[in-house]
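Look at the structure first, then read on.

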Amino acid sequence: MSEVLEQSTAVPDKLAKLAIEKEWPLDKVERMLQIFSPIQVQILLIRNMTSDQAERLLSGERPDENAPLYTPEQEAYIDKLNKGEYDLRWLQDQEPNWGVRSSLSSRGLTLMDINKAYAGEPDNVAPTDSMAPRGALLDEEYPGMGYSMNAKYEVWSDNVVPLYEEAVSRQWSATRDIPWQDLKPLPDDLERAQCEFCTFLTEIEMIASDFPAKWLWRMNQHFHEVKMFLCTQAMDEARHLEVFRKRALANGGGLLHARAESELGLANILHAPSYIQGSFLMHVVGEGLVLDIFRAGEFLAHNKVEKEMYRLCIQDEARHVSYGTMHLKYFLENHPDRENAERELHAVAEIAERGFTGFLCNSFVIEPLAVLAGGGIKHIDKGMEAVKLVWKRITDEYLNRCDLAGLDRRSRIVLPAEAPY
Amino acid sequence: MRFPSVQWFEAVQREADSEEATFRRMGFCDATMMLEHRADEDTRRFELAFEDYGMTSVRELGKSEAGEAHFSLAADDSVWREMIDNIHINGEADLEHTLNRLQLPGTVELVASDQQNADLFYRYNQTFQEFFNLSSRVPTEFSDA
């Protein structure tokens with residue numbers, strides 16, 4: 001048996017009502033719910049499967065040959081079709097956007113173009129709990145997706161629609177777009193430094209796939225642009241894992257040492273109790289830090305391969321940071337209780353800023369950087385000057401992003417402006 | 001072609017036009033950059049608007065004109081000259097003369113009204129780099145040549 005997620009045998013009211021109507025004993029429904037989801041049981045009930053047929057299913061056998069395939073409505077429709085009659089209600093619906101024609105922009109048909117034509121701005125609160133497209137009609141009765149994030153301020157940012165288009169447009173391939181053929185052997189200390197750095201990046205990058213994936217299904221489909229953008233982010237991070245893993249293994253080095261400190265930072269993001277906390281930790285703090293680390297990687301590159309891979313990753317990471325910063329801004333500006341929201345985020349920032357040190361005081365991160373910057377282990381002291389510069393950039397830009405979002409960390413930040421070493 | 005000048009940037013864009021497929025593959029770029037060239041007492045500023053897949057307009061700003069750039073890249077004449085010379089010699093910027101390499105330590109100064117605008121330099125970095133790399137094909141003279 002595979003792992004079961006959040007399974008409950010409590011019979012939902014709607015399902016109990018349907019079971020009674022179809023003459024199924026409730027204890028049978030409870031037993032069904034040990035194996036199946038309420039939706040799966042509902043699919044059987046609305047097809048008029050009998051209690052005995054369900055019993056056979058429970059015992060692992062196929063229901064008898066008379067077990068129904070169609071719902072009564074489907075059977076009636078099939079009868080109609082066989083008489084040469086059609087339903088055609090879809091042709092009579094009064095679609096609210098019928099007749100709307102979107103104009104093209106210079107780059108093709110963008111989401112901005114179709115949003116401008118119709119249903120551009122989502123409502124502040126999602127009108128349904130369904131996957132019905134924004135702007136479409138929906139049946140009165142539907143099962144419900146169980147979304148928990150139904151308010152716009154919980155997920156939205158004002159730049160998310162163009163960011164999605166940009167993300168799709170600027171995709172790249174770690175196989176095709178990196179000039180791997182130009183990779184040449186490096187002295188052992190430089191190769192080891194690059195491989196240790198790439199091990200670290202391979203380890204941390206896909207947290208920015210896992211975290212949005214964890215929250216995606218909880219976001220109401222009314223805000224589909226946010227979900228679409230987060231899908232591009234998940235793909236970006238998969239590619240980052242790919243490119244850094246490839247670099248570590250491509251030139252005679254290999255994957256080296258992953259540290260518990262990094263794992264702690266990643267777990268802090270993944271297990272954040274709310275999306276805004278996790279988004280702040282990941283998009284603003286974590287990816288802001290990684291953006292500057294990528295910039296340092298490009299700065300320190302010893303060949304075109306590294307130059308190109310860091311440059312391409314910089315672009316992806318900057319998009320994610322941009323969404324996160326503007327989401328934080330939107331969240332605070334539209335939160336019904338801004339004072340409390342700010343208080344909570346300041347508390348999270350206190351923890352997050354302490355988390356910075358897990359990377360910036362981690363010898364397996366900063367010493368490889370210093371060796372790459374110095375041009376070898378002999379000049380590690382010189383290279384530490386570049387590390388100090390990265391520290392300053394990271395803290396400066398973090399504060400700038402918080403300023404922009406309206407979260408004043410400048411007077412509260414626990415990190416020193418200059419590196420303590 | 002004299003650097004910096006409107007004609008020089010337009011000549012680079014003409015080279016970019018001939019590499020349309022490359023720029024399309026790199027994706028959309030929506031940002032307006034100001035390049036500031038500092039030489040003794042004379043500072044000149046050029047506003048380069050990038051839209052869709054390349055630079056769509058360039059103009060020199062008046063002395064007191066603020067312009068509409070999202071961010072500016074500012075450096076002394078010697079820095080720009082070394083970068084462009086390097087691109088000419090190598091056909092593209094070598095490891096030590098990429099825009100990011102020059103900007104991170106502040107050799108080229110990145111200035112923006114806020115971090116979101118500054119981050120555009122990072123978001124479209126490959127497009128900007130490829131654009132300047134194509135100056136390798138533009139015969140270039142400098143002011144004192």
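This is a predicted model: local features need pLDDT of at least 70, side-chain atom pairs count only at pLDDT 80 or more; totals for chains, interfaces and linings use all residues.

Residues are numbered from 1 along each chain as its sequence is written, while chains are lettered from A and ligands numbered from 1 in the order in which they are written.

**Chain A overall**

Chain A holds 17 helices and zero strands. Helices (H or I, at least four residues) and strands (E, at least two) are DSSP runs, numbered from the N terminus. The C-alpha trace of chain A spans about 85 × 50 × 45 Å along its principal axes. Of the 421 residues in chain A, 38% are buried. A residue is buried if 20 or more other C-beta atoms lie within 10 Å of its own, exposed if 12 or fewer, and partly exposed in between; the C-beta atoms are placed from the backbone.

Contacts tell us about the fold too. Two residues are in contact if their C-beta atoms, placed from the backbone, lie within 7 Å. Take the contacts in chain A with a separation of 6 or more: residues 24 or more positions apart account for 71% of them.

Helix 9 of chain A covers residues 188-205. Its expected span is 1.5 Å times one less than its number of residues. Helix 9 of chain A is mostly covered, with 13 of its 18 residues buried.

Two packed helices are described by the angle between their axes and the distance between the axes. Here the axes are lines fitted to C-alpha atoms, for helices over the stretch in contact, and angles run from 0 to 180 degrees between N-to-C directions.

| Helix pair | Angle | Axis distance |
|---|---|---|
| Helix 9 and helix 11 of chain A | about 155° | 8 Å apart |
| Helix 10 and helix 11 of chain A | roughly 150° | within 8 Å |

How do these pairs run? Angles under 35 degrees count as roughly parallel, over 145 as roughly antiparallel, 65 to 115 as roughly perpendicular and the rest as oblique. Helix 9 and helix 11 of chain A are therefore roughly antiparallel. Helix 10 and helix 11 of chain A are therefore roughly antiparallel as well. A crossing is left-handed if the near helix is turned anticlockwise from the far one by less than a right angle, and right-handed if clockwise. Helix 9 crosses helix 11 of chain A in a left-handed way. Helix 10 also passes helix 11 of chain A in a left-handed crossing.

The contact of helix 10 with helix 11 of chain A includes Ala208(A) and Pro212(A) from helix 10, and Leu230(A) and Ala234(A) from helix 11. Its residues divide into seven nonpolar, two polar and two charged. Ala, Val, Leu, Ile, Met, Phe, Trp, Tyr, Cys and Pro count as nonpolar, Asp, Glu, Lys and Arg as charged, and the others, Gly among them, as polar.

Buried residues of helix 10 of chain A include Phe211(A) and Trp215(A). The buried residues of this helix pack against helix 9, helix 11, helix 12, helix 13 and helix 14 of chain A.

**Where the chains meet**

On chain A, 26 residues are in contact with 20 residues of chain B. Helix 14 of chain A gives the largest share of the chain A side, 10 residues. That side has nine nonpolar, six polar and 11 charged residues.

**Single residues**

Asn48(A) has a positive phi of about 65° although it is not a glycine. Asn48(A) sits in the loop between helix 3 and helix 4 of chain A. With 14 C-beta neighbours inside 10 Å, Asn48(A) counts as partly exposed.

Asp40(B) also has a positive phi, about 45°, and is not a glycine. Asp40(B) lies in the loop between strand 2 and strand 3 of chain B. Asp40(B) is exposed, with 8 other C-beta atoms within 10 Å.

Is Glu36(B) buried or exposed? Glu36(B) is buried, with 20 other C-beta atoms within 10 Å. Glu36(B) belongs to strand 2 of chain B.

Finally, a cis peptide bond joins Phe3(B) and Pro4(B), with omega about -5°.
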